Amino acid sequence: SVAVNLVLVVGQVGAGLVAHSQSLVADGLHSLSDMVCDFIVLLAAHHSRNPADLAHPYGHGRYETAASLALGVILALTGGGIIYAAAMKLQNLGAAPPVGLLALWIALASLVAKEGLFRYMLKVAEKLRSPMLVANAWHARADALSSLVVAAGISGALAGFPFADAAAAIVVGAMIVKAGVQFAWDAMRELVDTALSVEEVAGIRASIEAVPGVLDLHELRTRRMGHKVLVD
């Protein structure tokens, strides 16, 4: 993922600047944030696999959660910056140079690369049962959708609608913000020890009560830690 995103960053930002496409540059910055997030995932994976110890009796699974929170914040800030820059461009469309055809080819190539990356990472994430890697995989799918929007915006600009490129950049920015807020919210819920759903807790209670010799139970508490559920 790091390797693919590095190629995309260089290609998208370079072609975006040469072909005067703000949406392609925005997509390149999106890929750059992906690469930063990939490094966060690598760091978290390295620490979260450490066994439980005296200081961390439940293990180190929350490193994944903290990484997901950081990933969400990075995405939200990146998306906000993209929206702001595109809005400024919409106010000065007359001074903007026309978008070149190169931008469209790069956007289409990015779409293919990101969709392929999504399918690969999701397969690995499901095999390893890692919510953090699943989040990163769906992030790649969101990237593929953003590249589709960029391709549509560039096509519109080439067809004689100069506002289309900036409009596409705003849509991409909004998609990034939405994904970032969702990741951060889910991670925050886990960090504050949010319980499982009522239905899941009821199922756990029923399983415990079905054990021979169990008369009753009290103070049943649940929370998540990475891909695990902790029950006290």
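Me: Which residues make the nonpolar surface patch?
Reply: Leu101, Trp105, Leu108 and Leu158 make the patch. Its area is about 390 Å². Keep in mind that this is a predicted model.

Me: Which helix gives the largest share of that patch?
Reply: Helix H4, residues 101–128. Three residues of the patch come from H4.

Me: And where does Trp105 sit?
Reply: Trp105 is in helix H4.

Me: New topic. How many salt bridges are there?
Reply: The structure has four salt bridges. One of them joins the side chains of Lys114 and Asp27.

Me: What's the N to O distance in the Lys114 and Asp27 pair?
Reply: The distance is 3.1 Å.

Me: Which helices hold those two residues?
Reply: Lys114 lies in helix H4, and Asp27 lies in helix H2. So the pair ties together parts that are 87 residues apart in sequence.

Me: Let's do helix packing. At what angle do H3 and H6 pack?
Reply: They pack at about 155 degrees. H3 covers residues 62–90 and H6 covers residues 163–191. Their axes are 7 Å apart.

Me: Is that parallel or antiparallel?
Reply: H3 is roughly antiparallel to H6, because an angle over 145 degrees counts that way.

Me: Left-handed or right-handed crossing?
Reply: H3 passes H6 in a left-handed crossing.

Me: What kinds of residues are in the contact of H3 with H6?
Reply: There are 24 nonpolar residues in that contact.

Me: Now H1 and H2. How do their axes cross?
Reply: The axes cross at roughly 160 degrees and come within 8 Å. H1 spans residues 2–19, and H2 spans residues 22–48.

Me: Parallel or antiparallel for this pair?
Reply: That angle makes H1 roughly antiparallel to H2.

Me: And the handedness of the H1 and H2 crossing? Left or right?
Reply: H1 and H2 cross in a left-handed way.

Technical notes:
Residues are numbered from 1 along each chain as its sequence is written. This is a predicted model: local features need pLDDT of at least 70, side-chain atom pairs count only at pLDDT 80 or more; totals for chains, interfaces and linings use all residues. Side-chain values use heavy atoms; hydrogens and water are left out. Axes are lines fitted to C-alpha atoms, for helices over the stretch in contact, and angles run from 0 to 180 degrees between N-to-C directions. Helices (H or I, at least four residues) and strands (E, at least two) are DSSP runs, numbered from the N terminus. Angles under 35 degrees count as roughly parallel, over 145 as roughly antiparallel, 65 to 115 as roughly perpendicular and the rest as oblique. A crossing is left-handed if the near helix is turned anticlockwise from the far one by less than a right angle, and right-handed if clockwise. Ala, Val, Leu, Ile, Met, Phe, Trp, Tyr, Cys and Pro count as nonpolar, Asp, Glu, Lys and Arg as charged, and the others, Gly among them, as polar. Patches are made of residues with over 30% relative accessible area and no salt bridge: like charges are joined within 9 Å, nonpolar side chains (Val, Leu, Ile, Met, Phe, Trp, Tyr) within 5 Å. Accessible areas come from the Shrake-Rupley method with a 1.4 Å probe; for residues, only the protein chains shown count as cover.
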